[in-house]
Amino acid sequence: MREERTIQKEIFLSGIGIHSGKRIDMLLKPATSGGIVFRRTDLDNLEFKVNPHIARANYSTVLIKDGYQIRTVEHLLATLYIFGIDNLIIEMNGEEVPIMDGSAAPFVQAILKAGIKLLPSKKKAIRLTKPFIINENGNYIEFYPENEFKITYTIEFDHPFIQTQSLTFPINIKNFVTEIAPARTFGFLKDVKKLRAKGLALGGSLENALVLDDNSLINGSLRYPDEFVRHKILDLIGDLALLGHPLIGHFKAFRAGHSLHLKVVNFLINSQEFWKYEDNEIIYNFLKTLNNKNL
Ligand SMILES: [Zn+2]
């Protein structure tokens with residue numbers, strides 16, 4: 001177990017939604033209980049309490065309630081997961097979390113600046129106890145027991161600039177801040193027309209995504225040679241964060257995406273024989289040490 005947390009001070013962020021193309025103002029407010037709750041101020045404060053049952057995949061992770069939605073929650077949820085922020089109100093005047101620069105780095109900076117507040121309540125971890133694999137058309141995610149939260153991700157793109165990239169990281173604050181959070185989302189020029197016809201990627205631009213033509217990257221330079229696979233790790237953390245507990249175990253993803261990520265999340269909530277709640281103080285102390293060392 002570890003102590004629950006919130007933020008010390010309010011955080012204001014503003015930016016464009018990558019899919020909606022609309023400018024959104026977002027206010028993160030400390031909360032002492034109640035989990036992570038998105039509140040649509042443009043819809044009479046309609047609340048979306050973050051949990052796997054209201055999550056869907058549609059080129060991003062979307063929370064749906066009463067026919068309304070909060071789009072592209074994954075980079076923000078990944079950041080909250082890493083800092084162990086369990087309770088928070090997120091007020092928004094529109095339907096999508098701002099994409100910022102396409103990465104989670106702006107959210108990390110905002111939270112470090114606001115500070116983290118420990119709460120008296122405790123949070124149990126979820127420890128994987130048995131292996132399993134979920135396939136989807138030759139793509140898969142497998143998971144198995146291990147003594148820390150770890151992700152291995154492999155991507156294969158028939159594109160000379162990406163090709164095959166594979167990485168394994170223990171998922172902790174230090175690795176997240178330096179190796180994963182700055183990795184930006186990416187897309188292909190050839191898909192833009194198709195996506196926009198579906199009302200997607202309307203806010204995508206060279207400022208908030210790595211954009212590739214048939215042969216190369218058309219904007220700027222990479223932050224890491226394998227930035228693409230690092231971003232996929234960020235997306236998976238954000239989707240696993242829907243489970244609402246710290247995780248202990250290894251997830252191995254091969255050519256996956258939000259839809260497969262959410263299948264794993266749903267499998268886990270429906271299959272309690274594959275994990276158990278960890279409530280001993282060893283985990284609590286481990287996370288506490290990690291936290292003190294890195295913040
Ligand atoms: Zn992403």
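Guide: Asparagine 137 is exposed, with a relative accessibility of 75%. For the cut-offs, exposed means over 50% relative accessible area, buried means under 20%, and partly exposed is in between, using a 1.4 Å probe and protein chains only.

Visitor: Before we go on, what are the ground rules here?

Guide: This is a predicted model, where local features need pLDDT of at least 70 and side-chain atom pairs count only at pLDDT 80 or more, while totals for chains, interfaces and linings use all residues. Residues are numbered from 1 along each chain as its sequence is written, and side-chain values use heavy atoms, with hydrogens and water left out.

Visitor: OK, back to asparagine 137. Where is it found?

Guide: Asparagine 137 is in the loop between β12 (132-136) and β13 (139-144). Strands here are DSSP runs of E with at least two residues, helices are runs of H or I with at least four, and both are numbered from the N terminus. β12 and β13 make a hairpin with 2 residues between the strands, and asparagine 137 has a positive phi near 55° there.

Visitor: How many bridges hold β12 and β13 together?

Guide: They pair in the antiparallel sense over 5 bridges, where pairing takes at least two DSSP bridges between two strands.

Visitor: Which residues are on the covered face of β13?

Guide: Asn139, Ile141 and Phe143 are on the covered face, while Tyr140, Glu142 and Tyr144 are on the uncovered one.

Visitor: Let's switch to the metal. Which residues coordinate the zinc ion?

Guide: His75 (NE2), His231 (NE2) and Asp235 (OD) coordinate the zinc ion, at 2.1 Å. Donors are N, O and S atoms within 2.8 Å of the metal (3.2 Å for Na, K and Ca), and water is not among the atoms, so a site may look incomplete.

Visitor: How are those donor residues spaced in sequence?

Guide: The pattern is H-x155-H-x3-D. Histidine 75 belongs to helix α1 (residues 74-82) and aspartate 235 to helix α5 (residues 227-240), so the pair ties together parts 160 residues apart in sequence.

Visitor: Is histidine 75 buried or exposed?

Guide: Histidine 75 is buried, at 4% relative accessible area. Aspartate 235 counts as buried too, at 7%.

Visitor: Now the domains. What are their bounds?

Guide: Domain 1 covers 2-123 and domain 2 covers 125-294, with bounds from an automatic or database domain assignment. Their centres, taken over C-alpha atoms, are 18 Å apart. The contact (heavy atoms within 4.5 Å) takes 40 residues from domain 1 and 46 residues from domain 2.

Visitor: How much area do they bury between them?

Guide: About 3,300 Å², with 68% of it on carbon and sulfur atoms. Buried area is the accessible area (1.4 Å probe) that two parts lose on being put together, summed over both. On the domain 1 side, Pro52, Tyr81 and Ile82 supply 20% of the area buried against domain 2, more than any other three residues.

Visitor: How many salt bridges are there between the domains?

Guide: The count is 1, a salt bridge being a side-chain nitrogen of Lys or Arg within 4 Å of a carboxyl oxygen of Asp or Glu. Aspartate 101 forms a salt bridge with arginine 223, and their closest N and O atoms are 2.9 Å apart.

Visitor: Back to hairpins. How many residues lie between β6 and β7?

Guide: There are 3, and tyrosine 59 in that turn has a positive phi of about 60°. β6 (residues 55-57) and β7 (residues 61-65) are antiparallel, with 3 bridges, and alanine 57 is opposite threonine 61.

Visitor: What does β7 do with β8?

Guide: β7 and β8 form a hairpin with 2 residues between them, and aspartate 66 in the turn has a positive phi of about 50°. Leucine 63 has isoleucine 70 in β8 as its bridge partner.

Visitor: Last one: what's the phi of alanine 201?

Guide: It is positive, about 60°, although alanine 201 is not a glycine. Alanine 201 is in the loop between α4 (189-197) and β17 (210-212), and is buried at 13% relative accessible area.
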